[in-house]
Amino acid sequence: MNTDILFKQSIEDKENFWKEQAQEISWFEFPKTITSNDENQYNQWFPDGKLNICYLCIDKHIEDGFGDQVAVIYDSPVTNQKKTYTFNEAKKEISKLAGGLISLGLKKGDTAVIYMPMIPQTLFSMLACARIGVIHNVVFGGFAPHELVVRIDDCKPKALITATAGVEIAKRIPYLPLVEKAIELAQDKVDHIIVYNRKLVKNQHEMFDGLIDYEELVQDSEPADCVSVESTHPLYLLYTSGTTGKPKGVARDTGGYATALKFSMKYIYGIEPGETFWAASDFGWAVGHSYTVYGPLINRNSTIIFEGKPIMTPDAGTFWRIISEYKVAAMFTAPTAIRAIKKEDPNGELVKKYDLSHFRKQFLAGERCDVATLDWFAEHIGVPAIDHWWQTESGSPMLGLMTFNEEYKIKRASAGKPIPGYDIKIFDENGYELDAHHEGYLVIKLPLPPGALLGIWKDYDRFEKSYLSQYKDYYFSGDGAIKDEDGYIFITGRVDDVINVAGHRLSTSEMEEIVSSHPDVAECAVVGIDDELKGQIPFATVVLKNGSSISEENVEKDIVKTVREKIGAVACLKNVMVVKRLPKTRSGKILRKLIRTLLDGKEFQIPSTIDDEKIIEEIQEKIGEYRA
Ligand code: COA
Ligand code: AMP
């Protein structure tokens with residue numbers, strides 16, 4: 001099958017195209033309606049279909065005779081543990097945990113927050129929820145209590161599943177004190193707190209009354225069967241950064257998502273059932289949901305849960321060791337991970353220690369990939385490194401290459417071509433489509449294909465305002481892009497207040513809210529500046545209140561500490577520069593793009609709307625002093 005034909009069908013004959021793809025997964029009731037056609041409504045897929053995604057990930061493969069195949073590989077260099085689970089073993093634990101959740105009173109439509117590190121019990125918890133129709137919300141373990149509170153208050157979980165500790169290289173992070181703080185601050189009460197005891201930190205069970213031990217719950221419960229849910233039933237909520245301080249709860253459906261993931265495993269990643277697929281992402285991100293848990297398991301691939309870093313655990317050869325040891329056919333990571341490896345092992349000496357003969361393809365996403373990193377990869381690893389672009393909102397790739405038939409052609413620095421289902425255009429501000437080589441906004445013609453977000457949890461207005469109101473009949477991605485004459489698209493970066501720090505999506509508006517709350521700060525601007533390793537890092541410029549006597553050093557220390565406490569260390573806000581005033585337009589809008597360009601030391605044009613040009617020199621001088 002030719003890629004161009006597939007794409008054409010997906011746009012011109014959507015219903016038949018996706019009906020055919022939906023036939024690739026097992027339904028309890030195959031949908032009679034492929035897509036809801038109400039012109040005034042955002043589209044839904046397969047509305048009268050019924051299925052269960054845990055069944056597709058686990059039970060189906062056992063019924064097909066693959067119960068003894070390895071489903072999950074856990075490799076944790078930070079705790080010196082390795083363990084595998086077959087589909088049979090995974091089913092036993094998941095179904096009993098699901099039974100345990102039922103015994104606690106959880107039922108279809110309830111929500112549960114999962115705040116856990118990279119351990120198999122996280123995957124089991126996600127699938128146990130899915131098994132009984134409980135909507136899960138996984139919260140990245142690196143987030144601070146405040147982030148947990150925001151999510152608890154928004155999705156009102158009946159249960160919170162956590163673990164006693166995470167491990168960051170040699171550092172142990174006790175989770176229960178963080179959970180305790182979040183529970184204290186949250187407006188809503190969580191009925192049940194279930195804790196997996198990793199026995200890595202001093203027992204903290206006495207911290208709360210009524211903590212439920214994960215292992216006891218599993219042991220004491222009867223296995224539960226998969227419940228049949230509507231295709232549009234929310235499988236999970238995943239909060240992501242937007243243009244305001246409050247994260248957006250992206251809601252994902254079940255049937256459209258399962259269909260899109262199965263399609264992507266076959267056509268985009270070119271992976272056969274039975275092979276090993278590894279997405280080295282934390283469960284707390286979209287990649288972890290789609291390609292560490294649901295995608296590979298639906299496709300009957302063995303998936304790897306890696307608890308470690310690409311470097312220092314124990315060295316920059318750890319990725320190649322895992323690829324070799326588990327015969328990984330394709331892997332997915334963020335370019336920052338490869339940059340970190342390249343920095344530690346510039347000549348690829350550690351690569352030579354491992355047999356990578358089973359390794360066919362490396363997929364990269366999450367942030368822009370620089371050409372130097374691609375070149376290093378090509379020289380030392382010798383398999384294609386394929387960039388592709390997507391968002392939490394889409395749940396699967398929107399730009400990329402279809403690698404199933406080996407006819408694909410990589411263009412360095414491009415994230416590929418539109419994936420079937422995604423009718424992508426580059427618009428100018430007024431909604432006119434731009435020709436090749438002109439930079440504009442990346443937009444997608446509605447309806448979006450299966451798998452894309454159902455909406456923002458209980459906030460249709462925000463959903464409409466964030467994505468649908470900019471251009472009629474188009475989804476606004478928030479990214480800038482350029483296309484070339486062959487249809488390849490080059491992502492130029494976010495056009496809003498979102499930044500990508502080491503593949504982690506963060507909001508500068510949220511950071512600005514925290515910085516402004518400092519008692520000595522009058523106003524501030526947080527922008528993402530270029531960083532060789534992490535792609536981008538935040539940088540705050542602040543103006544102090546008149547009469548403030550705090551030293552610049554102390555204000556920086558305070559702000560760095562508060563951002564770590566409120567968002568988490570992952571925010572990586574380490575630089576705070578005090579300035580006399582911020583550059584603004586005559587109407588008082590802060591010129592953040594100008595600040596960013598000055599901090600990056602790049603060429604700039606003086607904005608015609610600037611209030612006072614002299615400020616540019618002032619800021620440049622201050623940058624010189626700050627960097628000295
Ligand atoms: N729990 C607690 N703390 C965490 C954490 C977690 N799950 N994850 C990160 N942190 C902390 C780190 O310990 C570090 O703290 P420090 O400032 O006290 O040292 C801080 O957050 C920054 O962490 P990180 O961004 O991971 O930077 P790093 O310097 O430790 O490692 C990389 C750099 C490039 C190796 C690492 O960022 C990486 O592997 N990135 C890939 C990201 C990825 O896969 N993204 C998914 C999208 S595909
Ligand atoms: P997230 O929702 O966390 O997956 O982040 C999505 C954002 O990451 C996108 O809107 C882009 O800004 C950025 N991104 C993801 N993949 C790529 C890529 N391949 N190239 C450039 N930017 C990317």
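Predicted model: local features only at pLDDT ≥ 70, side-chain atom pairs only at ≥ 80, totals over all residues.
**Exercise 1.** Find the ring over which the charged end of Lys445 sits.

*Solution.* Start from the rule: NZ of Lys or CZ of Arg must be within 6 Å of the ring centre and within 35 degrees of the ring normal. The charged end of Lys445 sits over the ring of Tyr474, 5.6 Å from its centre.

Residues are numbered from 1 along each chain, and side-chain values use heavy atoms, without hydrogens and water.

**Exercise 2.** Classify the aromatic pair of Phe140 and Phe143.

*Solution.* Rings of Phe, Tyr and Trp (its six-membered ring) pair if their centres lie within 6.5 Å; planes under 30 degrees apart are stacked, over 60 edge-to-face, the rest tilted. By this rule there are 40 aromatic pairs. For Phe140 and Phe143, the centres are 5.4 Å apart and the planes at 85°, an edge-to-face pair. Next, check burial (buried is under 20% relative accessible area, exposed over 50%, partly exposed in between, with a 1.4 Å probe and protein chains only). Phe140 is buried at 9%, and Phe143 is buried at 8%.

**Exercise 3.** Why is the pair of Tyr291 and Trp390 edge-to-face?

*Solution.* Take the geometry step by step: the ring centres lie 5.6 Å apart and the planes stand at 80°, so the pair is edge-to-face. Both Tyr291 and Trp390 are buried. Finally, widen the view: ring pairs link Tyr291 and Trp390 with Tyr269, Phe277, Phe332 and Phe363 into a cluster.

Terms used: Chains lettered and ligands numbered in written order.
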